[in-house]
Number of protein chains: 2
Amino acid sequence: MPTASRPSLRTAAASARSASLADVAALAGVSTGTVSRALSRPGMISEATRTRVMEAADRLGYVVNGAARALAMRRTKTIGAVVPRFGSSSFPAMIQALESTLAEEGYTLLLSAPEGRRAQQPDILRAMLERGVDAVALLGTDQPPAVLAMLAANRTPFVQMWAPPGSGSDAVGFDEHAAGAQVVAHLAALGHRRIGFVGGHSRDSERARLRFEGVAWALARYDMALDERAFIETEYGFAEGFAAMQTILARRVPVTAMVFGTDYLAAGALAALDQGGVAVPRALSVASFNDNDFAAYLHPPLTTVRLPIREIGEAAGRLLLARLGGQPFELPVLKVELIVRASTGPA
Amino acid sequence: MPTASRPSLRTAAASARSASLADVAALAGVSTGTVSRALSRPGMISEATRTRVMEAADRLGYVVNGAARALAMRRTKTIGAVVPRFGSSSFPAMIQALESTLAEEGYTLLLSAPEGRRAQQPDILRAMLERGVDAVALLGTDQPPAVLAMLAANRTPFVQMWAPPGSGSDAVGFDEHAAGAQVVAHLAALGHRRIGFVGGHSRDSERARLRFEGVAWALARYDMALDERAFIETEYGFAEGFAAMQTILARRVPVTAMVFGTDYLAAGALAALDQGGVAVPRALSVASFNDNDFAAYLHPPLTTVRLPIREIGEAAGRLLLARLGGQPFELPVLKVELIVRASTGPA
């Protein structure tokens, strides 16, 4: 076995009793008050003393009783985040940025990633508030009234991530109309007049609805037509993009360009076009949204609107830290940017 | 603005004072004892009463003081997970499965996703234990001694995810030798004798090291040669796979097949081969590990070993629940499976 030479994990300190503050003080050669300050207000003591205390705490495996401290301080230094089904989407990059931003100020993230129907239940937020979160990050502005009531009644600061500008002072997101306009303007300049759209279910998802609204708004502005036979709403995913593109190919719809709600759908569609012998972009141009990390490595590389996904997480973290610190926070304007690659060409 | 017609979130319950247990009891028309039981031991009262209490609690935005309850019960129903840089890897699917499994029993996940050097610090685990986690999920078996000492001293159950079989009773993972053997046996049967390998930095990552060891072990077993000029260690990512493949192409190494440590690297390499005019699999076969969701939609679709990523998260969750409940837990044998697609062919 590759790890046979490693010592057993059980041996490390298995027989130790729980260490006390006094044990740490004795080992570090300082008073219990100094240990307490080193752990909770490190700025008040010298770095050398703090290092000695932390090394003693590490050796003894000592940790503060967080529940007792939380009761006394009325702060847990924990932020809750509720992000449905994050495992199969662009959300991990956003959550990672949120987590990193909060960690800089010593906050830890309590994550709930409900799947399916569980996503709708206020019980998730209740469980988070019971565990003692100082603030909460939510996805979008489609929140059940019970969730908002609970946050208000508990005076818990919150942020809504991936929300359209103008949703309020607690909402961080970007302008879907600008994103739609960028991709549509690009296709218009290439001479495309008749296009198709495959996106998420706008009935179920606020983000899918806003995406479609942005594209539809831009199409009207550029006097372009959406062919209804080349319009499909589905789940976001590679397989779904593949299937939707096959359906539209079979319908022989006379569109010259296809816009997809996400790179996941577009990547699946490019595979369907590749396997169906349809040349991209000569016979059909393909464009989408996100600029996921795989977009540059598709066949052909994908033209897509880069969305500020990490930036949303970072701004959400900074907003919550400002709220918790009682400082003012100016909502940043998060930019979208068209990345032109080889999947789009003249009509 | 798309959401201009929605009511302001601030109006929901903004002027409410914090609700008490007595308020919930009064609204639901039950005793405070019944409210308490409905919230903490729902099995003890009728479903109708529980529903009435929960509706009242929702309307008033009432939540239990988790810190006080944690002090009294010595349980927080919270599990900590430390998973470095999860935003750019296969870890989200694993974490999602872990979270879902724990949620079934009412546990919430406290997630720390440290980036870079922060990943090495026992401070992360200390912060989690201070916040009161009942158990901890760690990535791999490469844990600093201070982390193991802290867990032992606090008698905190833990699981090591993505660990090789034989790492101990608290480790959940799969057999990298079996995974390596599957891909190598497939290439051997196709007549390949001389191959290249591009993987992660085995010095920095236990997972990258085990992956390489599995492949190297299988190559020896099938009497195949690894060409050193077609061997590169890099970061996992599309761009890195693209660059590594370009480097190897420039070296004109006489290999007939390339194995990649992950689908991310392989997808980038396929793009480099595509743009370099190298026909896959006619001129070069490509295979890798993971079966990420995009693998079937590449050009050509990728032959890869499906790894039990979700299954690791689920098994880790069940292991922790068993430990917390004092029940026995038998480590599952998680299977790997070669998925043959169009990127591999005869030498």
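Guide: Let's start with P281(A), which sits in the loop between helix 11 and strand 9 (285-290) of chain A; helices (H or I, at least four residues) and strands (E, at least two) are DSSP runs, numbered from the N terminus. This is a predicted model, in which local features need pLDDT of at least 70 and side-chain atom pairs count only at pLDDT 80 or more, while totals for chains, interfaces and linings use all residues. Residues are numbered from 1 along each chain as its sequence is written, chains are lettered from A and ligands numbered from 1 in the order in which they are written, and side-chain values use heavy atoms, with hydrogens and water left out.

Visitor: What is the omega of the peptide bond from V280(A) to P281(A), and is that bond cis or trans?

Guide: Omega is near 10 degrees there, and the bond is cis. In chain B, the bond from V280(B) to P281(B) is also cis, with omega near 10 degrees, and P281(B) lies in the loop between helix 11 (263-275) and strand 9 (285-290) of that chain.

Visitor: What makes W162(A) buried or exposed?

Guide: Its relative accessible area is 6%. Buried means under 20% relative accessible area, exposed over 50%, and partly exposed in between (1.4 Å probe, protein chains only), so W162(A) counts as buried. W162(A) lies in the loop between strand 4 (158-161) and strand 5 (171-172) of chain A, and has a positive phi of about 65 degrees although it is not a glycine.

Visitor: How do you know which class D291(B) belongs to?

Guide: D291(B) has 22% relative accessibility and therefore counts as partly exposed. D291(B) has a positive phi of about 55 degrees and is not a glycine; its place is the loop between strand 9 and strand 10 (303-306) of chain B.

Visitor: Which residues touch the most other members of the largest nonpolar core?

Guide: They are M161(A), W162(A), L307(A), M161(B), W162(B) and L307(B), in a core of 98 residues. A nonpolar core is a set of buried Ala, Val, Leu, Ile, Met, Phe, Trp, Tyr and Cys residues joined through side-chain atoms within 4.5 Å. A second, separate core has 58 residues, including F242(A), A272(A), L298(A) and F260(B). In soluble globular proteins, nonpolar side chains tend to be buried together.

Visitor: What does M161(A) contact, beyond its neighbours within four places in sequence?

Guide: Contact means heavy atoms within 4.5 Å. The partners of M161(A) include V83(A), M94(A), L98(A), I312(A) and A316(A).

Visitor: Why are helix 10 of chain A and helix 11 of chain A called oblique?

Guide: Helix 10 (residues 238-251) and helix 11 (residues 263-275) of chain A pack at about 50 degrees, with their axes 6 Å apart. Axes are lines fitted to C-alpha atoms, for helices over the stretch in contact, and angles run from 0 to 180 degrees between N-to-C directions. Angles under 35 degrees count as roughly parallel, over 145 as roughly antiparallel, 65 to 115 as roughly perpendicular and the rest as oblique, so this pair is oblique. Among the contacting residues are F242(A) and M245(A) of helix 10 and A272(A) and L273(A) of helix 11.

Visitor: And why are helix 1 of chain B and helix 3 of chain B given their label, oblique?

Guide: The axes of helix 1 (residues 21-28) and helix 3 (residues 47-60) of chain B cross at roughly 125 degrees and come within 9 Å; this pair is therefore oblique. The contact includes V24(B) and L27(B) of helix 1 and V53(B) and A56(B) of helix 3.

Visitor: What makes M54(B) buried or exposed?

Guide: M54(B) has a relative accessible area of 13%, so it is buried. M54(B) lies in helix 3 of chain B and, leaving aside neighbours within four places in sequence, is in contact with R126(A) and L39(B).

Visitor: How do you know whether T101(B) is buried or exposed?

Guide: At 7% relative accessible area, T101(B) is buried. T101(B) is found in helix 5 (residues 91-103) of chain B, and touches E314(B), G317(B), R318(B) and L321(B), not counting residues up to four places away in sequence.
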